[in-house]
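Please keep the sequence and the model at hand while reading.

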Amino acid sequence: MDMAQKTETRKSPADQSERGRESILKLGFGKDNRFETDLRKRVNEYFQKGGGRSKSGNWQMYLKTGFILAMFATSYALLVFAAGTMWQGLLLVILLGLSTAGIGFNIAHDGGHKAYSNIAWVNKMMAGAMDFVGGSSYVWFWKHSVIHHRYVNITGYDTDIDIGVLGRLSPHQKRLPFHRWQHLYLWVVYGFLAVKWEFFDDFWNVISGRIGKHRFPRPTGWELLIFLAGKAVFFTWALAIPLFFHPLHAVIFYYIAGVLVLGVILSVVFQLPHCVQEAEFPIPLKETGQIERPWSVHQAHVTVDYDRNNPIVSWFLGGLNFHKEHHLFPTICHIHYAAITKIVEKTCRDHGIKYSEHKTFRVGIAAHYRWLRRMGKQNN
């Protein structure tokens, strides 16, 4: 995969299994690794300076984790046990949705990429935060860490750009007549994708043993137990406990409000780097059946950074606004992305590789809106 991810996935238990390696659709990339070698060398030199910096998290990451979890617990407790008016409830459920997204962006995401710590069980525990907030760390590993990170923006391979008939995110996908309005309605659809993920997608993936066109090994043993226990814990705190204190219609109202906040934030944050004009959507060459560019160069052409100079955005999003850096070095903790972004940019330019970014989050939102509108038109 990339510099770090290639090694990391080969070492993971799931990827070491023969059935795991054979399940995912195969697609080759170009062989010229000069850019990858040079970039890895420069980034490693940065970490080796000053006696050697750790690529994992540090006290800043641990403090951040505590703050996000405290915000989640406080907003949840006040919403369920203290809110007395609808406006208090709406404010608290928005905070709950934001803190849930923060758990995903910062804790579960880094843990799932084995970037949170250099201790395996700590990464496993932090990745399990995904199960606590309604997802599945097991399915997410295969869908995101393996499939998406290998095949970013490659139609038919990257399941993150496939939302079925609801929308057209790639120029190589079939356009349906109602897609002409997708730049208007998909923002609402994004909100409900979290509900679909929590109640349907994970279960269907595990039962069918498929993620899109990819087959993957179903969880067994402890992995299956974690999957089922995670869903049980999530439904308990999200629905069962509130039903002890509030009527059904109120619980459903605030649950929907919360997942709409969560779904929109999750979708937009992960769509802005890939589904915009500046990101490319390459397809395999007819002659070879492979992607022409080497894997690392491919990553640089299909990811776009945004709002790199905004420390608040970077803090909340877990460095996902440094998306090019994340895709090139997913096993480096996100707290280091701001430091290595200039290294990545300069190396790209030295090798004649495009480095695209949107200066602000608002500019990125506008770019995604324009892309949705373009993909909904007849001749695009």
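Contact means heavy atoms within 4.5 Å. This is a predicted model, in which local features need pLDDT of at least 70, side-chain atom pairs count only at pLDDT 80 or more, and totals for chains, interfaces and linings use all residues. Residues are numbered from 1 along each chain as its sequence is written, and side-chain values use heavy atoms, with hydrogens and water left out. Helices (H or I, at least four residues) and strands (E, at least two) are DSSP runs, numbered from the N terminus.

**Helix pairs**

- Two packed helices are described by the angle between their axes and the distance between the axes.
- Axes are lines fitted to C-alpha atoms, for helices over the stretch in contact, and angles run from 0 to 180 degrees between N-to-C directions.
- Helix α5 (residues 59–81) and helix α6 (residues 86–112) have axes that come within 8 Å and cross at roughly 150°.
- This makes α5 roughly antiparallel to α6 (angles under 35 degrees count as roughly parallel, over 145 as roughly antiparallel, 65 to 115 as roughly perpendicular and the rest as oblique).
- The contact of α5 with α6 comprises 15 nonpolar, seven polar and two charged residues (Ala, Val, Leu, Ile, Met, Phe, Trp, Tyr, Cys and Pro count as nonpolar, Asp, Glu, Lys and Arg as charged, and the others, Gly among them, as polar).
- For helix α4 (residues 34–48) and α16, the axes come within 10 Å and cross at roughly 150°; α4 and α16 are therefore roughly antiparallel to each other.
- Residues of α4 that meet α16 include Phe35, Leu39 and Phe47, and those on the α16 side include Ile340, Ile343 and Val344.
- By class, the contact of α4 with α16 has 10 nonpolar, one polar and four charged residues.

**Buried residues**

- Thr65 lies in helix α5 and is buried, with a relative accessible area of 7% (buried means under 20% relative accessible area, exposed over 50%, partly exposed in between, with a 1.4 Å probe and protein chains only).
- Beyond its neighbours within four places in sequence, Thr65 is in contact with Ile107 and Tyr116.
- The side chains of Thr65 and Tyr116 are joined by a polar contact of 2.7 Å (a pair of N or O atoms within 3.5 Å; within protein, one must be able to donate a hydrogen and the other to accept it, and residues adjacent in sequence count only if both atoms are side-chain atoms).
- His334, in the loop between α15 (323–328) and α16 (337–350), is buried at a relative accessible area of 5%.
- Not counting residues up to four places away in sequence, His334 touches Met61, Lys64, Asn106, Asp110, Gly318 and Gly319.
- Leu272 is placed in the loop between α12 (248–271) and α13, and Leu272 is buried, with a relative accessible area of 0%.
- Leaving aside neighbours within four places in sequence, the contacts of Leu272 are Tyr306, Phe361, Gly364, Ile365 and His368.
- Eight of the eight residues of helix α13 (residues 295–302) are buried, so α13 is largely enclosed by the rest of the structure.

**Positive phi angles**

- Lys114, in the loop between α6 and α7 (120–127), has a positive phi of about 60° although it is not a glycine, and Lys114 counts as partly exposed at 27% relative accessibility.
- Asn153, in the loop between α9 (137–150) and α10 (182–208), has a positive phi near 65°, and Asn153 counts as buried at 0% relative accessibility.
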